[in-house]
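Subject: Structure handover

Hello,

I am passing a structure on to you. Please open it first, then read the notes under it.

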Amino acid sequence: MSQPTGFRRWIVVITAISAAIIELIDTSIVNVGLTDIAGNLGVTIEDVSWVVTAYAIANVIVIPMTGFLQRYFGRKNYYIGSIILFTLASYGCGFADSLWTLVAFRFLQGIGGGALLSTSQGLMFDAFPPSQRPVASALFGMGIVLGPTLGPTLGGYIIDNYHWSWMFYINVPIGIVAVLLSSAFIDKKEDELNIDRKSIPIDQMGILLLAVGIGSLQYVLERGEADDWFDSEAIMWLTVAAVIAIPAFIWWELRATKDPVVDLRTMKNGNLAIGSILMVVIGYGLFTSVLLYPLFAQRIVGLTATQTGKLLIPGGLITLPMFALAGRMLAKGVSPKILVIIGYVAFASFCFIMSTYNMDASNGDFVNALIIRGIGLAFVNVPLINQSVSTLEPRQLPTGIAIVNMMRQVGGAFGVAITNTFVTQRTAVHRGDLVSNLQPGDMLTMERLNAITQGLIAKGINAFDAATGAYKNMDLIISRQALMVSYLDTFKLAGLFFVVTFPLLFLLKNKKMDAATAKAVADAAH
């Protein structure tokens with residue numbers, strides 16, 4: 001396979017980044033539209049959360065299998081087929097007229113989307129010579145950050161101005177163009193030209209155990225809080241399934257097959273093991289911030305969905321040159337460990353800064369914090385992936401990179417589960433603390449109630465209803481204050497995860513990739 005140059009190279013770059021961005025956008029764009037979807041389809045918010053859960057489950061199952069699927073179908077065929085599936089499923093999501101139709105198409109969208117993220121970086125690496133591959137990593141990293149950043153922004157704009165179905169329809173023209181460009185400009189690798197599928201063994205038991213184990217775990221983490229954890233029979237039985245299937249999968253892949261669907265023997269490598277733990281924390285921080293920031297901005301400060309999305313733009317714009325800077329520093333031989341440390345500190349700082357805000361936080365406060373977050377993402381994502389796989393043998397790279405990406409997704413699922421549970425518990429605690437300060441006959445309490453009552457009377461409400469309304473308003477104020485403090489606690493908890501795991505950064509071994517290893521990364525299924 002000849003390396004693309006000039007115009008052809010940049011067509012491949014734009015195609016790969018665009019495919020990765022639309023996949024990542026769809027992990028977050030739906031979050032801001034759940035209320036509208038629920039109302040339109042006539043279901044509850046808890047039921048419509050299946051739209052998010054189905055996509056996440058499909059994603060986390062497919063990602064670790066991408067290495068095998070590329071070998072079996074060929075990278076170009078698998079990539080184009082996945083774009084087609086993603087595009088058709090996006091169209092299906094748009095015209096869905098019932099919840100379960102939408103959920104089914106979201107699951108198919110997640111299956112296609114897993115490959116878009118997993119193979120795009122390999123295509124990016126192939127488009128550049130070894131000496132410029134840190135630049136390719138930086139360009140791809142921009143897509144990793146732009147996706148979650150643009151998702152809430154674009155989703156908020158669509159919800160405020162159009163029908164929710166356009167959150168899915170916008171993928172269709174992009175997908176069609178990506179298919180046409182991929183067919184015309186992406187070449188097949190030499191080992192794709194004559195694939196003998198009969199000679200490629202299929203680890204059916206491994207695939208089954210992986211799907212059951214990881215799929216059940218993802219479901220439990222996504223739906224646990226909404227379904228009251230072990231009060232739900234589904235959560236209980238799927239927890240049992242995960243507890244049985246995941247260890248069985250690990251045993252099977254290590255002992256029972258010569259051609260595993262995921263070669264877990266690579267986890268014996270120290271850098272990969274440590275990098276995977278750190279990537280769980282990165283995924284936790286990324287998904288937690290994507291979930292918490294919009295909630296805080298809208299429910300506490302009172303911003304609209306569009307305003308909330310617009311505040312993400314400055315941080316995203318700052319992140320782009322930071323990625324370019326990180327790429328140049330890696331190309332010049334700067335240790336990835338140094339960049340990862342900078343990114344880790346920046347991301348922890350973002351969490352602790354957000355934990356100091358209140359309902360009077362200004363737009364500028366949010367922008368400043370999100371810029372720091374963007375810098376953290378720019379310096380931690382790609383260097384950490386490179387450092388995690390830098391000491392692997394070339395044949396182990398596809399599995400190693402797939403594991404790192406899966407761990408980021410699992411970390412995100414843990415982040416969402418921990419955040420939802422922690423916010424619920426801390427809100428109850430803080431509400432109890434606040435209510436305990438409202439004593440009968442307390443002068444300050446009575447003054448506040450009287451002020452609210454008089455304000456309502458001034459608006460034409462009779463005295464009895466005004467007094468009743470004053471108590472209801474006081475209850476709403478307490479609930480909002482309790483929710484605000486619980487959000488602050490959750491940001492602080494996320495920051496503590498970074499602090500606790502920070503020493504692991506110094507256990508990573510420094511090793512600059514040689515040309516042969518870099519080429520192997522290029523051939524890997526991200």
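Below is what was found, going from the whole chain down to single residues.

Please keep in mind that this is a predicted model.

The overall picture

The chain has 526 residues, and 55% of them are buried. It is a helical chain, with 22 helices and zero strands. Take the contacts between residues at least 6 apart in sequence. Of these, 83% join residues at least 24 apart.

The cores

The largest nonpolar core holds 67 residues. Five of its members touch the most others: Val30, Ile37, Tyr79, Leu102 and Trp164. Helix α4, residues 50-62, gives this core its largest share, with nine residues. There is also a second, separate core. That one has 52 residues, including Val290, Leu384, Tyr487 and Leu505.

Leaving aside residues up to four places away in sequence, Tyr79 touches Thr15, Ala16, Ala19, Ala115, Leu116, Thr119, Ser120, Leu123, Ser182 and Ile186.

Two helix pairs

Two packed helices are described by the angle between their axes and the distance between the axes. Here are two pairs to look at.

Start with α14 (residues 270-301) and α18 (residues 363-389). Their axes come within 10 Å and cross at roughly 160°. The cut-off for roughly antiparallel is over 145 degrees, so α14 is roughly antiparallel to α18. The crossing of α14 and α18 is left-handed. Residues in this contact divide into 16 nonpolar, six polar and one charged.

Now turn to α5 (residues 66-73) and α6 (residues 75-95). Their axes are 6 Å apart, and the angle is about 110°. That makes α5 roughly perpendicular to α6. On the α5 side, the contact uses Thr66, Leu69, Gln70 and Phe73. On the α6 side, these meet Arg75, Asn77 and Tyr78. The residues of this contact divide into three nonpolar, three polar and one charged.

Last, look at Ser49. This residue lies in the loop between α3 (45-48) and α4. Is Ser49 buried or exposed? Its relative accessibility is 19%. Buried means under 20%, so Ser49 counts as buried. Ser49 and Ile37 are twelve residues apart along the chain, and their C-alpha atoms are separated by 9.9 Å. Ile37 is also one of the core residues named above.

Best wishes

Conventions:
Residues numbered from 1 in each chain as written. Predicted model: local features only at pLDDT ≥ 70, side-chain atom pairs only at ≥ 80, totals over all residues. Heavy atoms only, no water. Core = buried A, V, L, I, M, F, W, Y, C linked by side-chain atoms within 4.5 Å. Buried < 20%, exposed > 50% of the residue type's maximum accessible area, 1.4 Å probe, protein only. Helix = DSSP H or I, 4+ residues; strand = E, 2+ residues; numbered from the N terminus. Contact = heavy atoms within 4.5 Å. Axes fitted to C-alpha atoms, helices over the stretch in contact; angles between N-to-C directions. Parallel < 35°, antiparallel > 145°, perpendicular 65-115°, else oblique. Left-handed = near helix turned anticlockwise from the far one by under 90°. Nonpolar A, V, L, I, M, F, W, Y, C, P; charged D, E, K, R; others polar.
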